[in-house]
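Subject: A structure for you to look at

Hi there,

Here is the structure I promised to pass on. Please open it and keep it beside you while you read.

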Amino acid sequence: MKTKTLTVALVQERNHGDAEANLAVIESRVAEAAAQGAQLLLLQELHNGAYFCQHESVCEFDLAEPIPGPSTERLGALAKKHGVVIVGSLFERRAAGLYHNTAVVLEKDGSLLGKYRKMHIPDDPGFYEKFYFTPGDLGFRPVDTSVGRLGVLVCWDQWYPEAARLMALAGAEMLLYPTAIGWDPEDAQDEQNRQRDAWVLSHRGHAVANGLPVLSCNRVGHESSPLASDKHVGASGIQFWGNSHVLGPQGEFVAEAGGEPTVLVCEVDLQRSEHVRRIWPFLRDRRIDAYGDLLKRYID
């Protein structure tokens, strides 16, 4: 059986206060991963600062920046310095009153190859993203890089099999999810476990159903809520649970992190997707003639 290995790294980190501090840590982590042979690095969702969507405040929009912009220039220089591909996650200012949660892909020569604007936007206690982000309008299109065709999605997209499938149908060789997910510290332990297990299972399902490796990089640490003094639901802040992981095309764990800051480095055999899909030819057996109702909100 042929192999086509790619060394990947997931930079699982906590918030260090502001963009300058976080990017400085990222620079150190990327250097660490590159020294271990990493060719592709995935960062967590909105890695430049705290997860600000725990409340609704017009002041938070000041954190946004254009793409290309200062952060893509810095990440591009970092990619070029170490000869790696970097997938980052930024708060994009597209125009006055028009903002996106956007993943960016930097090639090893430092160039900005492409971006993906988060399509599915949540609105829940502690995750008030609809106040900040316009749903993406770039579709589900993979980005071609020197290390392969990357199907980049973002966090809440991970609950939607349609998103993963469309990336696979467009030729993605792996699925990547920058993520910021955690639990309410006041939730019971069994509820916290159920939430984390469901998150992992959703990724394993995408890997199996599409015969592709899946990389998911989450943040870690407790982040206080600006609503704490008002005793709102979700005002206890968020405990980001980490557990970043790399899965193979049968949903198997290739590598998994715990709940602390870490650089998770491992090898992914991209050729396995070809062999797995020959045994489990789900794309071949799809009944595309019978799926029209998927375009409906609900079948009454």
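First, a term: a polar contact is a pair of N or O atoms within 3.5 Å; within protein, one atom must be able to donate a hydrogen and the other to accept it, and residues adjacent in sequence count only if both atoms are side-chain atoms. This is a predicted model, in which local features need pLDDT of at least 70 and side-chain atom pairs count only at pLDDT 80 or more, while totals for chains, interfaces and linings use all residues. Residues are numbered from 1 along each chain as its sequence is written, and side-chain values use heavy atoms, with hydrogens and water left out.

**Two neighbours in sequence**

Let's begin with arginine 117, whose side chain makes a polar contact of 3.0 Å with that of aspartate 137. Arginine 117 belongs to strand β5, residues 112-117. Helices (H or I, at least four residues) and strands (E, at least two) are DSSP runs, numbered from the N terminus. Is arginine 117 buried or exposed? Its relative accessibility is 6%, so it counts as buried. Here buried means under 20% relative accessible area, exposed means over 50%, and partly exposed is in between (1.4 Å probe, protein chains only). Setting aside residues up to four places away in sequence, arginine 117 touches several others, including Glu92, His100 and Leu138. Contact means heavy atoms within 4.5 Å.

Lysine 118 sits in the loop between β5 and β6 (123-124). With 1% relative accessibility, lysine 118 is buried. Its side chain has a polar contact of 3.0 Å with the side chain of glutamate 45. Beyond its neighbours within four places in sequence, lysine 118 is in contact with Glu45 and Cys155, among others.

You will find it in the loop between β9 and α3, buried at a relative accessible area of 5%.

Which residues of α3 are buried? They are Ala163, Ala164, Met167 and Ala168. These residues lie on the same side of α3, because they cover an arc of only 135° around the axis. The arc is that of the directions from the helix axis to the C-beta atoms. The buried residues of α3 pack against β5, β9 (148-152), β10 (174-178), α4 and α5. Just after α3 comes glycine 171, with a positive phi of about 95°.

In α5 (residues 272-279), Ser273, His275 and Val276 are buried. They too are on the same side of their helix, α5, because their arc around the axis is only 165°. Strand β17 (262-269) is part of what covers them.

Glutamine 250 is in the loop between β15 (245-247) and β16 (253-256), and at a relative accessible area of 36% it is partly exposed.

**Spaces in the model**

On a 1 Å grid over the protein atoms alone, a cavity is a set of points where a 1.4 Å probe fits but cannot get out; a pocket is an open set with protein on both sides within 12 Å along at least five of seven lines; lining residues have an atom within 4 Å of a point. Grid points are joined across faces, edges and corners, and a volume is the space filled by probe spheres set on the points.

The largest pocket holds about 630 Å³ of space. Its lining has 19 residues, and Pro161, Glu162, Leu166, Leu294 and Leu295 lie nearest the centre. Which helix gives the most to this lining? That is α3, with five residues.

The largest cavity has a volume of about 80 Å³. It is lined by 13 residues, with Glu13, Arg14, Ile26, Gln44 and His47 the closest to its centre. Helix α1 (residues 19-35) gives the most to that lining, with three residues.

**One last spot**

Look for the cis peptide bond between isoleucine 67 and proline 68, where omega is about 0°. Proline 68 is in the loop between β2 (40-43) and α2 (70-82).

Enjoy exploring!

Best wishes
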